Amino acid sequence: MTDTTAEGADTLTRLEQEGEIAADYLEGLLDIADLDGDIDMDVEADRAAVSIVSDVESRDLQKLVGRDGEVLEALQELTRLAVHRETGDRSRLMLDIAGYRARKRDELTELGNRTAEEVKRTGEPVKLRPMTPFERKVVHDAVAAAGLRSESEGEEPQRCVVVLP
């Protein structure tokens, strides 16, 4: 096995371990809150991805998303802290609940594409509304895929994406 292959296997094992720790933490949280949901784990783009899903359309899981994903963001941070406590390493784990992030990713990709087209058409930069780091990353990726550049400006929580010609 080459060094690169061994490194990749070590990284995958570490990310799978992060997912396991996160799943245990979230299972405990669901039990305490008396909520139904299944935990799915995966590794996407060099980070552990954990999702809480339900077979039925559950208002309970929507409570864990909160308004504009605020509760989801907080739960993600708590889950990352739980992983950090166990491993000693900073986690970039991504949490999704009831498909919220997946839907949001689709909407933001479309926003990035539309904005890139507008900037190409007008030649003028466009400043978007303030966004979370997750939201900005999705928009930056969509703009780059459309062949333009973008940058973030401002301070949290008012940090926003500017799409440049």
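How many Å² does the accessible surface of the chain come to, and what share of that surface belongs to carbon and sulfur atoms? The accessible surface comes to about 10,000 Å², and 48% of it belongs to carbon and sulfur atoms. Please keep in mind that this is a predicted model. The legends below start with the whole chain and then move to single places.

Figure 1. Welcome to the overall view, where 5 helices and 6 strands can be found. Taken along the principal axes, the C-alpha atoms fill a box of roughly 50 × 50 × 30 Å. The chain has 165 residues, and 36% of them count as buried. Contacts between residues at least 6 apart in sequence are worth a look too: 56% of them join residues at least 24 apart.

**Figure 2. Charged side chains across the chain.** Here you can look for 22 positive and 38 negative side chains. The centres of these two sets lie 8 Å apart.

**Figure 3. Helix H5 and its surroundings.** Helix H5 covers residues 133-145, which makes 13 residues. From its first C-alpha to its last, H5 reaches 18 Å, close to the 18 Å expected at 1.5 Å a residue. The buried residues of H5 are Phe134, Glu135, Arg136, Val138, Val139, His140, Ala142 and Val143. What do these buried residues pack against? Their partners include two helices you can pick out in this view, H3 (70-87) and H4 (100-122). They also pack against strands E3 (94-97), E4 (126-130), E5 (149-153) and E6 (160-164). After H5 comes Gly147, whose phi is positive, near 90 degrees.

**Figure 4. Glu18 in helix H1.** Glu18 has its place in helix H1, which spans residues 3-33. Is Glu18 buried or exposed? Glu18 counts as buried because its relative accessible area is 3%, under the 20% cut-off. Leaving aside neighbours within four places in sequence, Glu18 is in contact with Ala48, Val83, Arg90, Ser91, Arg92 and Leu93.

Figure 5. With a relative accessible area of 41%, Thr122 is partly exposed. Its side chain reaches the backbone nitrogen of Glu124 at 3.1 Å. Cys160 is 38 residues away from Thr122 along the chain, and the C-alpha atoms of Thr122 and Cys160 are separated by 20 Å.

Conventions. Residues numbered from 1 in each chain as written. Predicted model: local features only at pLDDT ≥ 70, side-chain atom pairs only at ≥ 80, totals over all residues. Heavy atoms only, no water. Helix = DSSP H or I, 4+ residues; strand = E, 2+ residues; numbered from the N terminus. Expected span 1.5 Å × (residues − 1). Buried < 20%, exposed > 50% of the residue type's maximum accessible area, 1.4 Å probe, protein only. Contact = heavy atoms within 4.5 Å. Areas by Shrake-Rupley, 256 points an atom, 1.4 Å probe, with all protein chains shown as cover. Lys, Arg positive; Asp, Glu negative; His and termini not counted. Charge placed at Lys NZ, Arg CZ, Asp CG, Glu CD. Polar contact = N/O pair within 3.5 Å; in protein donor to acceptor, adjacent residues only side chain to side chain.
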